[in-house]
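The text should be read beside the displayed coordinates.

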Amino acid sequence: MADEPSDAPKGASGGSTGASIPFYRDVRVLAVITQIVFLAIVLLVLGWLLNNLITNSETRGISTSLTWLDQRAGFEPAESVIPYTPDDTYARALLVGLLNTVMVSIVGIFLATVLGLIVGVARLSSNWLVNKIALTYVEIFRNTPLLVQLLVIYFVVFLQMPGVRDAIVLPLEMYLSQRGFYMPRPEVAPDGAIWLVSVIIAVVAFFSLWYLAGRREDEGRPTMGLRWIASAILIGLPLLVWFLIPGGPLAFENPELGTFNLSGGLRFTPEFLALTVGLALFTAAFIAEIIRGGIQAVSKGQLEAARTIGLKEGEVLRLVVLPQALRIIIPPLTSQYLNLIKNSSLALAIGYADIFNVSRTVSEQTGQPVAVLVIVMAVYLIVSLGTSVLMNIYNRMVQIHER
Amino acid sequence: MSDDPQMTTGTPQPAEELRPPATEVGVLGWLNHNLFSSKLNGILSIVLGVIVALVIWGLAQWAVLDARWDVITDNMRLFLVGRYPPEEIWRVWLTLTLLSATTGLSAGSSGIGSVRMLAIMLTAGQLMLAALILVSGLGIVASLALVFGAGVVYATMLAAQRYPVRRLWISLGWLATTIAGVLLLAGLGDATPLPSVSTNIWGGLLLTMVLSVAGILLSFPLGVALAVGRRSRLPVVRVVSTTYIELIRAVPLITVLFMAQFLFPLVLPEGLRIDNVIRAIGGITLFSAAYVAENVRGGLQAIPTGQHEAAFAIGLRTWQTTVFIVLPQALRITIPANVGLFISLLKDTTLAYIIGLLEILGIGRAVLANPDYLGTQFEVYLFVAVVFFVLSYTLSQASYRLEKELGIGER
């Protein structure tokens, strides 16, 4: 090897002997040339495709402007959290869809996390039956397509519910029927604002006291029961104010059974229910495995050490296991949340008015399939990025703060 | 073990060997430890046990007494191959037999447990299909063809165990099988003995498999290129690759499928028309390439820098280092992750039904549209779900085993 120094490519080792190297062997020059060529090819291909797109669009009479966004839509998404009439614009229709997507995502993520936590812990249970039930659940939901699950939940479960007249009556004036789930609609009574303020004060006080306790703990000083005080304020203050206001701060509008339908109250459509429940059941199976993996990854020595220094079981879990498990759990959990948001686009199959479903109607009416799709994809991009940013902030909070 | 008697006679006899308490060993011990270890656990076990028994009893009763399985058996042909012409169906069976031979050959020659597991699964799968076809009255010939295919897997596996085939030949065999499969299924042209079968009339399980296998195979080269690009030292290459990967990963597959549906005809030059199925494969390929790229990037990052340095030290260039040193190692450790990707892709091909393809779920929906089968929704969806469960579960078990064999967890 040492006998052949003349063959070794000097250029590869960098610039110190730069003067003697011809330019076509200089890595710095080569790097620039490679990048220019690469960029040129990418731009050429994109340009060719774009050119075809423009010429083909023109021959088919598809305009490339976005003026249709301000036109009257003339249709009404099946459900909406903001007021909407057919006279509103396409842009507002898409906004309605986006808000529905956000609502399904938030409710779905909440349900999936709670269920995933329960199933994940059940997978660690020493009870054989509990363990195997959780395992069966995970395997069934992970190994079948989400779309099939959604169709079953919608067509076989929610649409097969009894009719309105035979609605299943649940406690607290709640009804479950083919037309969806009805519950009393809470409305703030005239004096209710005071109660809402007390809730906000309680929450703020809770978090500041909890934070203070954490600070004292870190500094090695006693917490003086600050955590107990915080919890007591969180529960006690709103309760106290609730009973001080005559008639209670909230007025409930109960659903009434009419001749053909339940009216009033808060209604969740079967489409919304099927989509959130379906997404939650599917995602929970994955979250359960993540949580199980995270808890199992905390080494046994940590547990033994924690017990040795005299921590109680609850403290072992809260102070030793969870902080370490969370570090492992958060990143994959984030990608499951993102998957849930993206999977909510399957609403199309069961007719829930999410952004993708609304965009299909818009694109059929305007004849602008590509432009509408680009807008929808951009919205998903922004929602995904937003979720990632939030979860990354949380992730940074739970990671080890090295001193 | 054999000299145990002498041992016991030699040592002083214990007065009386205490047997462990009955509650610690055997069935009782198992119950005590696993179901009734505490009062709370005992109550939980009983309550859950009753619920599980009731659910299983109800389901079994429904499946045996109430369910209308004729909706499945009457439409078995549709579920399996869609509207693929009956007189050309032998081409599907022949493709499956070729696949069986190649799988058996690989399994026998390589002796890797997970590959052998796949071969056995293929055997079992074909036997199961044969039984389904027989029950559905689709003809004894098709069943026999499948039983023959199952036999081929086993025969070639045993033969190859005796006379192993070299790796190069196996790779060429897979290439030949793939090409032959495509030609057999799609046909050569109308004037030839193999008339063309338009992809528009492919359907059922056949289309599901075609979509997912074509999707993963085609996305692989693109994905590897993107992964290498993302790790490149050249900023322009890196930015372009990263942008593509992150853009695709942020949007749902269904939007990409629709985009492919509308955009492909628009961005291709006038006169070049492509089938719906091809557009779907294109969309799936562009989508899964981003995910393949992230898997491969994980593999690339796992290769220690020493490998790069050693390669440079012996005078390899950058591209030589990548192609001959880093990629082979990186790809090897990403196999399980990519099998996982294939499994989720397989399940995601059901989305193709939304853009109007008649893959297995699409066939199910089409069958349900027939008024004769009113009220058989659960039967149809359950059948589709079970098909996917069998495929996905067995593949994931094989992948789990492969992971162990590659020793990825241990490193």
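The model is predicted, and no value here comes from an experiment. Chain B is divided into domain 1 (36–64), domain 2 (85–197) and domain 3 (212–411). The centres of domain 1 of chain B and domain 2 of chain B, taken over C-alpha atoms, are separated by 43 Å.

**Contact between the chains**

Chain A brings 44 residues to the contact and chain B brings 43 residues. On the side of chain B that touches chain A, at least two residues come from each of α3 (39–66), α11 (235–250), α12 (253–267) and α17 (377–406) of chain B. Of that side, α17(B) supplies the largest share, nine residues. By residue class, the side of chain B that touches chain A holds 31 nonpolar, ten polar and two charged residues.

In soluble globular proteins, nonpolar side chains tend to be buried together. Here the largest nonpolar core has 140 residues, and A:Leu150 and B:Val384 touch the most other members. Helix α7 (residues 270–297) of chain A gives the most to this core, 17 residues. Leaving aside neighbours within four places in sequence, the contacts of B:Val384 are A:Val148, B:Ile360, B:Leu361 and B:Gly364. Another core, of 19 residues, lies apart from the largest one; among its members are B:Ala107, B:Leu118, B:Ala150 and B:Val153.

| Helix | Residues | End-to-end C-alpha distance | Expected span |
|---|---|---|---|
| α7(B) (113–135) | 23 residues | 33 Å | 33 Å |

Even so, α13(B) bends by about 25 degrees at B:Ser288. Helix α13(B) is mostly covered, with 20 of its 27 residues buried.

Which residues of α7(B) are buried? They are B:Ser114, B:Val115, B:Arg116, B:Leu118, B:Ala119, B:Leu122, B:Thr123, B:Gln126, B:Leu129, B:Ala130 and B:Ile133. Of these, B:Leu118 is also among the members of the core of 19 residues. The cover over the buried residues of α7(B) includes α5 (76–81), α6 (90–110), α8 (140–162) and α17 of chain B. Just after α7(B), B:Gly137 has a positive phi of about 65 degrees.

How values were computed
Residues are numbered from 1 along each chain as its sequence is written. Chains are lettered from A and ligands numbered from 1 in the order in which they are written. This is a predicted model: local features need pLDDT of at least 70, side-chain atom pairs count only at pLDDT 80 or more; totals for chains, interfaces and linings use all residues. Domain bounds come from an automatic or database domain assignment. Two residues are in contact if their C-beta atoms, placed from the backbone, lie within 7 Å. Helices (H or I, at least four residues) and strands (E, at least two) are DSSP runs, numbered from the N terminus. Ala, Val, Leu, Ile, Met, Phe, Trp, Tyr, Cys and Pro count as nonpolar, Asp, Glu, Lys and Arg as charged, and the others, Gly among them, as polar. The bend at a residue is the angle between axes fitted to the seven residues ending there and the seven starting there. A residue is buried if 20 or more other C-beta atoms lie within 10 Å of its own, exposed if 12 or fewer, and partly exposed in between; C-beta atoms are placed from the backbone. A nonpolar core is a set of buried Ala, Val, Leu, Ile, Met, Phe, Trp, Tyr and Cys residues joined through C-beta atoms within 7 Å. The expected span of a helix is 1.5 Å times one less than its number of residues.
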